[in-house]
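Please consult the sequence and the model shown here.

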Amino acid sequence: MGAHVSRSDFEWVYTEEPHATRRKEILEKYPEVKKLMGPDPRMKYIVAAMVLVQCVSAYLISDAAWFTVIALAYCLGGTINHSLSLAIHETAHNLAFGHSMPMANRIFGYFANLPIGLPMSVSFKKYHLEHHRYQGDAEKDVDIPSQFECRFFQHTATKLIWLFLQPYFYAFRPLFIRPKPLTGLEVINIIIQFSFDAAILYFLGVKALVYLIIGTFLAMGIHPMAGHFISEHYMFVQGYETYSYYGPLNLLAWNVGYHNEHHDFPYIAGSKLPELRKIAPEYYDNLPCHTSWVKVLWDFVVNPDIGPYSRIRRPVKIVAEKETENM
């Protein structure tokens, strides 16, 4: 089975998450940071191009051999779909059209969702904003693995399996840990998505649909892009709960690697986060960071000190007290 993870529980802390404090300090010292806030005007054109590429690719691959379908799904389609999922992450923060046009962001999220194959844009927003607001909360932050995941996937081999299964846990964990009623926007997302899937299946065939959907699951598991799932909040250095990644894959990931910067200022589009770091380097240059998502995945699997338990958690009371202070 391989080395057993040495941790038997999460890292429990009784302090507030660091991002609100750092945001306040940076804004006081560098008020010009406010000018960076707002949507990325290029996003809609880039996303439209990616959706078009995926539709054309699905058409071109519809008669290919199955090996070619799966290989391209992993290398090409999955990479694009993962990038589209991170574009949806941007729309969850209203960074496609701005806060004055929330419905435009939701509709654009439906569009970006199409090649991914499964409806997720609205549900993602519903839970992701709570991850920002209640980071580490023992009840509300569903980004943190469940007790079942932590206890079952503790060896080198099982951690590798967990990475393969990560898209399933990421999708279904919130439904078990923090179920919420289905909203009207989610129903629309489901109808649009499955109608698109049915059209792909009818006009282009099963291989085209498999190319899109399998690519999504492959790219969310053992894939270089999927390194960000582990790099963002798994505790590689004792006491630090958020980590940035500064590497070339940010070009495909809407700079989600700038994750300390993103949590400090979630209303700054990814394209402008490097500028934030340049304005306030003293707040970021000395924080532990990653330079390779592939190395992150490797270290997660082989290092017995890192596993699903390697997350910082806060008792509900700590987060609730902070929420009361901000009211």
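## Surroundings of Pro115

Pro115 touches Val51, Gln54, Asn81, Leu84, Phe196, Leu212 and Thr216, leaving aside residues up to four places away in sequence; contact means heavy atoms within 4.5 Å. Pro115 lies in the loop between helix 4 (102-113) and helix 5 (121-133), where helices are DSSP runs of H or I with at least four residues, numbered from the N terminus. Its relative accessible area is 0%, so Pro115 is buried (under 20% relative accessible area, 1.4 Å probe, protein chains only). Ser85 is 30 residues from Pro115 in sequence, and their C-alpha atoms are 9.8 Å apart.

## Basis of the model

The model is predicted: local features need pLDDT of at least 70, side-chain atom pairs count only at pLDDT 80 or more, and totals for chains, interfaces and linings use all residues. Residues are numbered from 1 along each chain as its sequence is written, and side-chain values use heavy atoms, with hydrogens and water left out.

## Helix 3 and helix 9

The axes of helix 3 (residues 66-92) and helix 9 (residues 206-219) come within 7 Å and cross at roughly 55°. Axes are lines fitted to C-alpha atoms over the stretch in contact, and angles run from 0 to 180 degrees between N-to-C directions.

## Helix 3 and helix 5

Helix 3 packs against helix 5 at about 60°, the axes being 9 Å apart. Ile88, His89 and Ala92 of helix 3 meet Ser121, Phe124, Lys125, His128 and Leu129 of helix 5.

Conventions: Helix = DSSP H or I, 4+ residues; strand = E, 2+ residues; numbered from the N terminus. Buried < 20%, exposed > 50% of the residue type's maximum accessible area, 1.4 Å probe, protein only.
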